[in-house]
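Thanks for asking me to look this over.

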Amino acid sequence: MIDPNVAKATPQGEQAGFTDMNLEGQRLWVKSIVDRLMRAWGFKNKKQLADALSLNAKAPSNWIQNASIPWSAIVVCSAQTGKSLDWLYYGNEPVLQLSEKTHELLKQRIEAFLQLSCKAKQIKEANINGLATLADGLSDDIKAFLLKYGEVGHDLPPQ
């Protein structure tokens with residue numbers, strides 16, 4: 001059964017996809033997902049949701065306004081609460097519940113993934129700061145090159 005808020009937001013009920021909706025429909029869909037995330041955790045407001053995901057307090061409101069929600073928020077909620085992805089995203093009641101052991105294993109793996117993601121971000125920031133410090137002692141041309149092309153994922157100029 002689809003959540004009534006989603007059905008209103010969807011032009012053709014369950015058959016229509018998110019991209020088939022107008023912007024207001026997409027916002028309603030994302031709002032219904034945010035509402036289910038809060039219900040899953042037992043939160044009364046969006047700030048509590050943002051805190052649980054270590055995000056800016058305005059993030060859930062921004063998701064609704066921009067009609068876009070990060071998949072990671074849904075996956076983390078599922079792992080930590082045991083709620084199904086199907087229910088969190090579509091509002092469909094789960095057909096199969098995870099065993100406590102499977103739920104705990106999934107939760108541990110997602111928490112490990114999140115810790116690695118956080119460490120990767122810290123390493124990237126440290127590398128960028130380290131390049132800036134290294135560049136201080138070099139010529140202006142080399143300093144500009146390192147600062148411009150030293151960021152992870154930045155393409156180097158053609159040879």
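1. Where is L23 found? L23 belongs to helix 2, which covers residues 23–41. Please keep in mind as you read that this is a predicted model. L23 has a relative accessibility of 42%, so it counts as partly exposed. Its C-alpha atom is separated by 7.0 Å from that of A67, although L23 and A67 are 44 residues apart along the chain.

2. Now for the overall picture. The protein has 8 helices and 0 strands, and reading along the sequence gives the pattern α-α-α-α-α-α-α-α. Of the 159 residues in the protein, 29% are buried. The accessible surface comes to about 10,600 Å², and carbon and sulfur atoms account for 55% of that surface. If you take the contacts between residues at least 6 apart in sequence, 46% of them join residues at least 24 apart.

3. Back to helix 2, this time with a partner. How do the axes of helix 2 and helix 4 cross? Helix 4 covers residues 59–66, and the two axes come within 7 Å, crossing at roughly 155°. An angle over 145° counts as roughly antiparallel, so helix 2 is roughly antiparallel to helix 4. On the helix 2 side, the residues that meet helix 4 are R27, V30, K31, V34 and L37. Their counterparts in helix 4 are P60, W63, I64 and Q65.

4. N66 is worth a look while you are there. This residue is in helix 4, and at 55% relative accessibility N66 counts as exposed.

5. A67 lies in the loop between helix 4 and helix 5. Is A67 buried or exposed? With a relative accessibility of 7%, A67 counts as buried. The backbone deserves a glance too: phi of A67 is positive, near 55°, and A67 is a residue other than glycine. As background, most residues other than glycine have a negative phi.

6. You will find S54 in the loop between helix 3 (46–52) and helix 4. Here the relative accessible area is 67%, so S54 is exposed.

7. Two glycines come next. G42 is placed in the loop between helix 2 and helix 3, and it is exposed, with a relative accessible area of 53%. The C-alpha atom of G42 is separated by 9.7 Å from that of T81, and these two residues are 39 apart along the chain. The other glycine is G82, which follows helix 5 and has a positive phi, near 80°.

8. Which residues of helix 5 are buried? They are A73, I74, V76, C77, S78 and A79.

9. How many aromatic pairs does a search of the whole structure find? The search gives 5. One of them joins W71 and Y89 edge-to-face, at 6.0 Å centre to centre and with 75° between the planes. W71 lies in helix 5 (residues 71–81) and Y89 in helix 6 (residues 85–90), so this pair ties together parts that are 18 residues apart in sequence. W71 itself is partly exposed, with a relative accessible area of 49%.

10. Y89 has a further aromatic partner. Y89 and Y90 form an edge-to-face pair, 4.8 Å centre to centre, with 90° between the planes. Y90 is partly exposed, its relative accessible area being 35%. W29, W71, Y89 and Y90 together form one aromatic cluster.

11. What sits over the ring of W87? The charged end of K83 does, at 5.8 Å from the ring centre.

Terms used
Residues are numbered from 1 along each chain as its sequence is written. This is a predicted model: local features need pLDDT of at least 70, side-chain atom pairs count only at pLDDT 80 or more; totals for chains, interfaces and linings use all residues. Side-chain values use heavy atoms; hydrogens and water are left out. Helices (H or I, at least four residues) and strands (E, at least two) are DSSP runs, numbered from the N terminus. Buried means under 20% relative accessible area, exposed over 50%, partly exposed in between (1.4 Å probe, protein chains only). Rings of Phe, Tyr and Trp (its six-membered ring) pair if their centres lie within 6.5 Å; planes under 30 degrees apart count as stacked, over 60 as edge-to-face and the rest as tilted. A charge sits over a ring if NZ of Lys or CZ of Arg is within 6 Å of the ring centre and within 35 degrees of the ring normal. Contact means heavy atoms within 4.5 Å. Accessible areas come from the Shrake-Rupley method with a 1.4 Å probe; for residues, only the protein chains shown count as cover. Axes are lines fitted to C-alpha atoms, for helices over the stretch in contact, and angles run from 0 to 180 degrees between N-to-C directions. Angles under 35 degrees count as roughly parallel, over 145 as roughly antiparallel, 65 to 115 as roughly perpendicular and the rest as oblique.
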